[in-house]
Amino acid sequence: MSINDDSTVRLTAWVHGAVQGVGFRWWTRSRALEIGLVGEARNLPDGRVAVVAEGDQERCERLLGLLRGGTTPGRVDDVVTQWGDARGDWAGFREV
């Protein structure tokens, strides 16, 4: 996947619920790498996890479906999203 190509997008998803301290970031990283995305999953001070992923639209939507799908560690109450243009500044997918 070339992250600088015109078909790539950036998905930012703020995941609400009981998602810290349950392996959620690790699980998200694993799914993103399986799908072929780059980005990060980061704990936020208010208890949410912010997921930023870049790749083609279909792959990002696939990750979003997994985040909302009910098989995540912990409990997801809501996922708020923002879509934008890929910046191409990621290498791999990391947990922060």
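The points below go from the basis of the model to its strands, helices, core and salt bridges.

1. Basis. This is a predicted model, in which local features need pLDDT of at least 70 and side-chain atom pairs count only at pLDDT 80 or more, while totals for chains, interfaces and linings use all residues. Residues are numbered from 1 along each chain as its sequence is written, and side-chain values use heavy atoms, with hydrogens and water left out.

2. Sheet. Five strands make an open sheet with mixed pairing, in the order β4-β1-β3-β2-β5. Strands (E, at least two residues) and helices (H or I, at least four) are DSSP runs, numbered from the N terminus; two strands pair if DSSP finds at least two bridges between them. The edges are taken by β4 and β5, each with a single partner strand, so one side of each has no neighbour in the sheet. On average, neighbouring strands are turned by 15° against each other, direction ignored. Axes here are lines fitted to C-alpha atoms, for helices over the stretch in contact, and angles run from 0 to 180 degrees between N-to-C directions.

3. Strand β2 and its two partners. β2 (residues 38-43) pairs with β3 in the antiparallel sense over six bridges. Valine 38 has glutamate 54 of β3 as its bridge partner, and glycine 39 stands opposite alanine 53 in β3. The hairpin of β2 and β3 has five residues between the strands, and glycine 47 there takes a positive phi near 100°. β2 is also joined to β5 (residues 93-95) by three bridges, and these two strands run parallel. In that pairing, alanine 41 is opposite glutamate 95 of β5.

4. Alanine 50. This residue lies in strand β3 and counts as buried at 10% relative accessibility. Buried means under 20% relative accessible area, exposed over 50%, and partly exposed in between (1.4 Å probe, protein chains only). Leaving aside neighbours within four places in sequence, alanine 50 is in contact (heavy atoms within 4.5 Å) with Ala13, Trp14, Glu40, Ala41, Arg42 and Leu44. Its C-alpha atom is separated by 7.0 Å from that of threonine 12, a residue 38 places away along the chain.

5. Helices on the sheet. α1 lies across β1, β2, β3, β4 and β5, and runs at about 175° to β5. α2 lies across β1, β3 and β4, and runs at about 150° to β3.

6. Core. The largest nonpolar core has 20 residues, of which Val15, Leu37, Val51, Leu63 and Leu67 touch the most other members. Such a core is a set of buried Ala, Val, Leu, Ile, Met, Phe, Trp, Tyr and Cys residues joined through side-chain atoms within 4.5 Å. Two or more core residues come from each of β1 (8-18), α1 (24-35), β3 (49-56) and α2 (57-68). Not counting residues up to four places away in sequence, leucine 67 touches Ala13, Val15, Phe24, Trp27, Thr28, Val51, Thr72, Val76 and Val79. In soluble globular proteins, nonpolar side chains tend to be buried together.

7. Salt bridges. There are eight salt bridges, defined by a side-chain nitrogen of Lys or Arg within 4 Å of a carboxyl oxygen of Asp or Glu. In the bridge between arginine 10 and aspartate 89, the closest N and O atoms are 3.1 Å apart. Arginine 10 lies in β1 and aspartate 89 in the loop between β4 (75-85) and β5, so this pair ties together parts that are 79 residues apart in sequence. Arginine 10 is buried, with a relative accessible area of 10%, whereas aspartate 89 is exposed, at 51%. Arg10, Glu54 and Asp89 are linked in a network of salt bridges.

8. Two further pairs. Arginine 94 forms a salt bridge with glutamate 40, with the closest N and O atoms 2.8 Å apart. This pair links distant parts of the chain, since arginine 94 is in β5 and glutamate 40 in β2, 54 residues apart. Arginine 94 counts as partly exposed at 43% relative accessibility, and glutamate 40 as buried at 7%. In the salt bridge of arginine 59 with aspartate 56, the closest N and O atoms are 3.2 Å apart. Arginine 59 is partly exposed at 31% relative accessibility, and aspartate 56 is partly exposed at 25%.
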